Each structure stands twice: as structure tokens, then as C-alpha cells.
There are 2 protein chains.
Amino acid sequence: MQAIAVSRDSKGPICIEKPRPEPEPGEALIRTLRVGIDGTDHEIIAGSYGEYPADEDHLVLGHEAVGVVEDPGTTGLERGEVVAPIVRRSPNGESVYFDRGEPDMAPEGSYHERGIIGSHGYFSEFFTSQAQHLVSIPSSLAQVGFLVEPLSVVNKAIELATASRSSFTWEPTSALVLGNGSLGLLMLAHITSTDTYERCYCLGRRDRPDPTIDIIERLGATYVDSRKTPVDMIPSTYESMDFICEATGHAPHAFKTIDALAPNGVGALLGVPESSSFEIDGGALHNELVLHNKALIGSVNSNITHFKTASDDLQTFPEWFIDSLITDVYPLSEFRYAFDNNDDTTIKTAVQLSAYEER
Amino acid sequence: MQAIAVSRDSKGPICIEKPRPEPEPGEALIRTLRVGIDGTDHEIIAGSYGEYPADEDHLVLGHEAVGVVEDPGTTGLERGEVVAPIVRRSPNGESVYFDRGEPDMAPEGSYHERGIIGSHGYFSEFFTSQAQHLVSIPSSLAQVGFLVEPLSVVNKAIELATASRSSFTWEPTSALVLGNGSLGLLMLAHITSTDTYERCYCLGRRDRPDPTIDIIERLGATYVDSRKTPVDMIPSTYESMDFICEATGHAPHAFKTIDALAPNGVGALLGVPESSSFEIDGGALHNELVLHNKALIGSVNSNITHFKTASDDLQTFPEWFIDSLITDVYPLSEFRYAFDNNDDTTIKTAVQLSAYEER
């Protein structure tokens, strides 16, 4: 079968031939329908993130996938069921975090991430997985189910942020998403799909006309141009925010979030920046956190419960949003185009590895 | 009656004569037993914090108090009951935060703080208060009940921090308190009095012999000298910490806390530093927060529920701890000594305004 991988010898992603995997006892064989591309894939390709499987010269990419059960083996799944796989695996099979269904809370070094860290991903015509790492999703999501993974990351962050405000009466009305990439827009779609917030904002650095600004406004949110209004100026220009989600990976934003929060507000951080030093007024930020009961919450990855909520969410999102977000789906033969992310009209790309046929 | 105040004309705290307050309808008259002194008092005296009541040339100090009901009026309290007053008041009487019993979450500008911001404190022979702002405490705490307020601040911080970890299974074993002042030691006494943490640490910058180091070690905790082991070096020298409480007001500590936390850990910030700029590796800290699901929580003030828990706590603390923590209690005539905090043998001071007599 064909697979898309990075290898020690190649510069960009390449298409390689691999044997179709044989499911181990307890595993199902999944025929891959589509795989989405995100910033982590680009970081792996650039060599700034990720880890090859032990003793391997390549890493099959792909951690946002939707597939269909080809051979359920002894898993109890049914042939033809549509599934989205979670990302983390316990390399030696024993982990209290995995046992309790919270692999997303496992400490670094104790897990693999398929398609990212130490384990091949889903970017191949078939993959195998134990049933406990597969979430059944409705067949109506067969085309777009690769969005369940990034949306589960959104759900995990919201869960952590909300928990942090659960010891008192928190009645947020304003929310801001930092970043108009696909993750930011999924977060914005989520928060505008609930009744929680009366006013939503999304920050980017784009000129009109721009498809992401169109999406932001069609979702009923206000576009904030970071070139005109830096994050710490948002309260004076717009309003201070009860909830902020950072989805840029731009470290200064994480700290300016403290200034942009309303009293009792919480900032959820999702970006994964590299080392970069800069000066802050740490005294003022520390003071601001304390005197206004503010919180900053880092969040990474997600677990089965977040995947299930994400699958529910995705069914409630307007069709126009999904259509606008997924700008291109390429056939496997044109996979390279899915990694081109250089123009402002591309939002989210995916590759189709096989077609879904209603049974 | 006599009161201890700061005035626009005086440099330090002064003793002034004021009329004994007349309780308004719904208020009780409280005879003050003891008032504790803390860092906020010193900041008010230094002119770097606090606010005079409108149209007044002085501010009566005192926000950590224990008193006895002298005249219950129509409050339903009983004469002779021992009480600790909470700090915040709603200046115009209407506040959703006060109505729901969460004045500690009220935004700046919407509250007064007795003895701190806009309202006279408890540092007088008598004070009045509505019953809803008074917490009845056992008469066994009549001598030390001024510790209920700072201990309630500890409880509020722990409540917020614990809530922030409530969406997943959090099983902390290690805790670190930054700061060996009275608030830090109260936090340490609290966390060592529970079974939550197997290993506790407390950071200071003192040479042995030192009474705070003696307390830290008698509580079963490990003393960490910040001059030898800066906060960000604590994981490599000792271990990374599931819970950190910052009680120093030293802003760099707040940010180094991120490095010292274990995966899934939470840092509660209590200090109130002034503006001060410094360089951080913001990229690495942002990354660390995200990839390890870490949280930073600011916490200020406390409400009735935290006072009640603090009163319960205080009864469980070993007698030697309270005796060692309260280094001096001065009579009103010697109140000035209670504000001298220049030697390393002073931990917590208080002034006795009247004696408690068991009825």
C-alpha cells in the first residue's frame, strides 16, 4: 500500500510503498478515508518537532484521520463502521494515564503519538489500531471526520479552562480566539455554536478580502487585526475578555493574554512555540493575575471523551462553515499540494486515500 | 476609643482618638480582641497600596481581626460570641458578587476593603459590621482568630488551584511553598496537615539558625534556600512539583514556577508585586505550559466559606506551630513594635486591643 512519510533522506513528504499492516489480536484493520494536515505536520517536515519510530528511517505522517473498519478482527466493531483514531499510544502497554482513559495527561516520554512521536501515523491506505483508541462516528461525518481530532483538542482546552473557573460563579459573556488558522476557526465555530458567549472575537493579521475574515464574520464574531490592535490593547479598543484561546504559537501573545483578560477570566494556551526570549513587565502581569483572579491554562492533546464531544459538535456546525474551512481535498496522487500552505486562500487541506461508500 | 491609623500627615502608623461607632440597623458592635499585621499593612504605611475613605484624612488600619460581640443589635448574633470579620464591603450596597457570597471575585473598583481600600479597618477598640460579614468562630480561637483571615486566603487559593485540576484525575504528591513569611508558613501548615502531599518544600533566603527554617522542618517539610537553588533549578536539585504556592510577591518567581511544576501541575500566585520588567524565555515557558498541561492561577482575598474552612483548619494546627508563628503580641500602648519587622526572628505580630474573658 502507499503511505505518506518523512524520511531521514528526503526534504519534504514522500510517497512510499509499505506492506499492508496485519492486525494483531485485539486490533482492527482500518481503511483510511481522509487525513487532514495541520501545523504539527509542517513542523515535523521542517525537522523542528516529532520523532522517528525506533530503528526506522521514516515516519508515516498523519494524526488527523477518518477511516472505515475493513476487518474488525475480534474488536467487536463492525465492518463498514466509520471511525476516528485518537493520537497517543502507550509504547510498553502499561500506563496509569492510558488505563484511566486520560492519555492526554500522560507526561512527555511516556507515550507515542501516531504520526508525530515514535509511532507511524494514519497517512497510509490502511492502518491498524486497538478498538479502545478508535471512536465510532456517524457515517455522515465520513468526509469530514478528520476534523474530529483538532476539534477534540479544542474541547479539551475548553474543559480545562472551564474547570479552572468552577469553584465560583463564572458567567462569561466575551470570548477571543487568538489565531485564524484552522484550529482557531474550529475554536471560534465551537464557541459561537453555544449560548455561552454574547460577543466573540478572533484575531488575525490579514487584509480584506480574506476567506478567514469572511468565516469569522459569518460566524457572528468580530475580526481583530493584530497589526492595528495588539493583544494587550484589545481591552481599550474592544473590551476585556472572559475567555481567551491562544492558537497561534506566538509566545508574546500568551503573556499579553493576561492583560487582555477580564477579571476572573481564563486564557487557554494551545500553541507550541520554540524558545524565544523577550522582556515582559512581569511585576505588572503577576499583579494582574493575582488581583483579578486570572488564570492561564496550557492544554495539549485530547482523549476519547473529547473525541466524542467533538463528533457531536461537528454535526451541529453549519455546512457552509465546514465547506469554507476545508479549502482543498486532494487525491493521494496529488498529496504534495495538500502540504502547500503558502497562500492566504488555503485554510485546511486534506488528502483522500479512499472513497467512502455507503453500505 | 483609640484606633491605629495612617494619615496624610504622618509617616508611620499613629494612634488616634475616634468616637466609638454606633451600629446602624442590621449591624453588630464588636469589641476588638486582637489585630494581626501583614505585608499589606506595610505597603499601606509605605504609601504603595491602599486608599483613604472618601473625604477622610486618615485610614484606620487592620484587616486581620478577631473580636467579640458587644452589642448584637438585631443581627441574631449573641453577646460574647467570638467572630472574625471578612474584609470586603460593597460600598453602594448592591453587587451581584456580594449577593452570591463571592465578594472575593468582585472586580476592582466595585468593592471596599476594610483597613485597605476606601473603608476603615478593624484596628480600633470597637468596630461595627453587618452579621453577614462576620464569621462565628469557637471561643478557643479568641486569642489567635486574627489568623483566620490570612488562612482563608490560603484556602481560597487552594480551592481555585484544585478546581483547575478537577477535569482529570490529579494525584499530586509534591508541593512547594515559595516564601517563608507568615502567609507562606500558614500555607505550609495547611498542606502538611492534610494527606494530599507526600513531600512538601518551602523556599526562603535565610541562614540557619532561623526560626522559620525550624518551623518548616518541624512541619516535616524540606527547606530550600533560594540563594543556592533558584526556583527553576528546583526540579533538578529536588524534584518537580505538582503544586506550587507563590507567597513572596517576587515576580520572577511567578514565571519560574512554570519550570518548577511537574506535568499537569498548578501554580497558585498570591503575591502582589509592583511593576518590574525582566527578560524571560517566553517561548520555552509557553511551550512548557502547553505540552505539560500546566496552569497558573492568580488568587486574591477570600469569602465566608473560606473563613469557615480556615477556622476549622486553625483548630487542627499543632499548638507549637501557632506559638512559633505568632512571635509577638503587643498591648495597644506598644502598637508601634508590632510594625517593626526588621529582624529575622519576627514572623507574625499582633496587637491586643482588649482581653477575651470567657463568659
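Reader: How many residues of chain B are in contact with chain A, and how many of chain A with chain B?
Author: In this predicted model, 58 residues of chain B are in contact with 58 residues of chain A.

Reader: And how much area do the two chains bury between them?
Author: Chain A and chain B bury about 4,600 Å² between them, and 57% of that area lies on carbon and sulfur atoms.

Reader: What about salt bridges, how many are counted between chain B and chain A?
Author: The count is two salt bridges between these chains. One of them is formed by A:Glu171 with B:Arg100, where the closest N and O atoms are 3.0 Å apart. For polar contacts, the count between chain B and chain A is 33 residue pairs, with both residues at pLDDT 80 or more.

Reader: Which elements of chain B give two or more residues to the side that touches chain A?
Author: On chain B, these are the helices α3 (148-164), α7 (251-260) and α8 (282-291), together with the strands β16 (261-269), β17 (277-281) and β18 (295-298). The largest share comes from α8(B), which gives nine residues to the side of chain B that touches chain A.

Reader: What kinds of residues are on that side of chain B, nonpolar, polar or charged?
Author: The residues on the side of chain B that touches chain A divide into 26 nonpolar, 19 polar and 13 charged.

Reader: You mentioned β17, so in which sense do β17 of chain A and β17(B) pair, parallel or antiparallel?
Author: Strand β17 of chain A, residues 277-281, pairs with β17(B) in the antiparallel sense, and the pairing extends over five bridges. Within this pairing, A:Asp281 stands opposite B:Ser277 of β17(B).

Reader: Moving on to helix α8 of chain A, how many of its residues are buried?
Author: Helix α8(A), residues 282-291, is mostly covered, with nine of its 10 residues buried. Among the buried residues of α8(A) are A:Gly282, A:Leu285, A:His286, A:Glu288 and A:Leu291.

Reader: What follows that helix?
Author: A:Asn293 follows α8(A), and the phi of A:Asn293 is positive, near 50°.

Reader: How many bridges join β8 of chain B to β9(B)?
Author: Two bridges join strand β8 of chain B, residues 112-114, to β9(B), and these two strands run parallel. The bridge partner of B:Arg114 in β9(B) is B:Ser119.

Methods:
Residues are numbered from 1 along each chain as its sequence is written. Chains are lettered from A and ligands numbered from 1 in the order in which they are written. This is a predicted model: local features need pLDDT of at least 70, side-chain atom pairs count only at pLDDT 80 or more; totals for chains, interfaces and linings use all residues. Side-chain values use heavy atoms; hydrogens and water are left out. Contact means heavy atoms within 4.5 Å. Buried area is the accessible area (1.4 Å probe) that two parts lose on being put together, summed over both. A salt bridge is a side-chain nitrogen of Lys or Arg within 4 Å of a carboxyl oxygen of Asp or Glu. A polar contact is a pair of N or O atoms within 3.5 Å; within protein, one must be able to donate a hydrogen and the other to accept it, and residues adjacent in sequence count only if both atoms are side-chain atoms. Helices (H or I, at least four residues) and strands (E, at least two) are DSSP runs, numbered from the N terminus. Ala, Val, Leu, Ile, Met, Phe, Trp, Tyr, Cys and Pro count as nonpolar, Asp, Glu, Lys and Arg as charged, and the others, Gly among them, as polar. Two strands pair if DSSP finds at least two bridges between them. Buried means under 20% relative accessible area, exposed over 50%, partly exposed in between (1.4 Å probe, protein chains only).
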